[in-house]
Amino acid sequence: MLAVLLDASAQRSETVRIVNDHIVRKNSIVKFQLKSAVGKENIYLIDNNKKKYPVQFLKDGYACAIMSLNPGEVKSFKTIRESGSASKAEVLLTEAEAKFTVNGKQVIGLQTGKKDLPAEIEPVFRRGGYIFPVLSPSGLSVADDYPLNHKHHHGIWAAWTKTEFEGRKPDFWNMADKTGTVLFEGIKNTESGAVFSTLESRNAYFDVSVSPNKKVLDEDWQIKVYNTEGDEKPYYVFDLELRQQLSSASVLKLPEYLYGGVGFRGNGEWNGKDNAYFLTSEGKDRSNGHATTSKWVHISGNISGKLSGISILSHPDNFRSPQPMRIHPTEPFFCYAPSQAGDFEIRPNQGYIARYRFIVYDGAPEAAFINRMWNDYAHPLVIK
């Protein structure tokens, strides 16, 4: 448990005292309250060694910073103000893409569906509201978009497959069936800053097996990219939170099925059963990991001769956590699929929420590193 104590006696400076718990924290997100006003000045925490940590204010009135702490470590900071721009994590908007950058390098993009389709892709497969590209610190693209053997796969995306709605069975995943589709509706509330950049966006799930087409779900995404490239090695970190609410009073039934939920499609060079490598929190791989449960999974492979990959961390508050997984036997496809564990429903006034953290880095996966990152995600620093 983390304790954060504030001394607001000084008008222009505050003292923040942080007491870490038993967890190793590296590049950890610390939330605390400050009375400092938000203005043109940039606010930093500065420790006794004169190291500065940028502070970014949150909409809930709290502030946050990224720092490393040993188990049981106690650190005190003063706040200081400096003029000028400290924005290092940015969201840049175009008609086709929301581009997230850290220190000028792109980390991910949110696609709006406005780009020209590849020549081999039929219009029925067009969609937006998914994350692509997904880049490593060395600039390698670990994800794919519109792969020819699964044209409905898109970087990091969400959809349900086997469903029942008002007596019909719209499939929002396999768009070629022309019974369901997911449409991107827009972006709002973008923010860039010294600690993170973020945006909110909305997708809509439509049953297209009926005329007129009927909206089934509203899906809100919040994406947050953190201004960190790692201490021991470069890595990028970003979060996805999605919230689904029914658009009518009708229940959406989700029968037991193999896949559906939040999916990831890996780089095209990873096609083939020996070209992509899977490691789960339970020590399983592609040969024995499918239909098991895990707190996290790492997917990697060679890209232009260099090993790179992505760790996908599932929050412990997710429905049916630890969630079961779909690991494809020959393609670089993965998804957390709660429907593998049996039927469930999304009901009026009772939405569906899912949270995941993604860590992208070059080189081989290290279970100890990913476990540390999961612990920090699952048990964030608690403010008192």
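This is a predicted model: local features need pLDDT of at least 70, side-chain atom pairs count only at pLDDT 80 or more; totals for chains, interfaces and linings use all residues.

**Stop 1: the open sheet.** Show the strands as cartoon and pick out β15, β16, β17, β18, β27, β23, β22 and β21; in that order, these 8 strands make an open sheet with antiparallel pairing. Going from one strand to the next, the twist averages 20°.

**Stop 2: inside the sheet.** Zoom in on β23, residues 306–314, and its antiparallel partner β27: 7 bridges join the two. Now click glycine 309, and across from it you'll find tyrosine 361 in β27.

**Stop 3: the largest pocket.** Select Lys31, Gln222, Lys224, Tyr226 and Asp239, which lie nearest the centre of the largest pocket, out of 30 lining residues. Elements giving two or more residues to that lining include the sheet strands β15 (180–191), β16 (196–207), β17 (214–226), β18 (236–246) and β27 (352–362), along with β3 (25–33) and helix α1 (367–378). The volume here is about 860 Å³. Colour the lining by class and you get 14 charged, 11 nonpolar and 5 polar residues.

**Stop 4: the second largest pocket.** This one holds about 400 Å³ of space. Which residues are closest to its centre? Select Asn27, Tyr53, Pro54, Ile66 and Asn227, from a lining of 18. By class, the lining splits into 8 nonpolar, 5 polar and 5 charged.

Conventions. Residues are numbered from 1 along each chain as its sequence is written. Side-chain values use heavy atoms; hydrogens and water are left out. On a 1 Å grid over the protein atoms alone, a cavity is a set of points where a 1.4 Å probe fits but cannot get out, and a pocket is an open set with protein on both sides within 12 Å along at least five of seven lines; lining residues have an atom within 4 Å of a point. Grid points are joined across faces, edges and corners, and a volume is the space filled by probe spheres set on the points. Helices (H or I, at least four residues) and strands (E, at least two) are DSSP runs, numbered from the N terminus. Ala, Val, Leu, Ile, Met, Phe, Trp, Tyr, Cys and Pro count as nonpolar, Asp, Glu, Lys and Arg as charged, and the others, Gly among them, as polar. Two strands pair if DSSP finds at least two bridges between them. Axes are lines fitted to C-alpha atoms, for helices over the stretch in contact, and angles run from 0 to 180 degrees between N-to-C directions.
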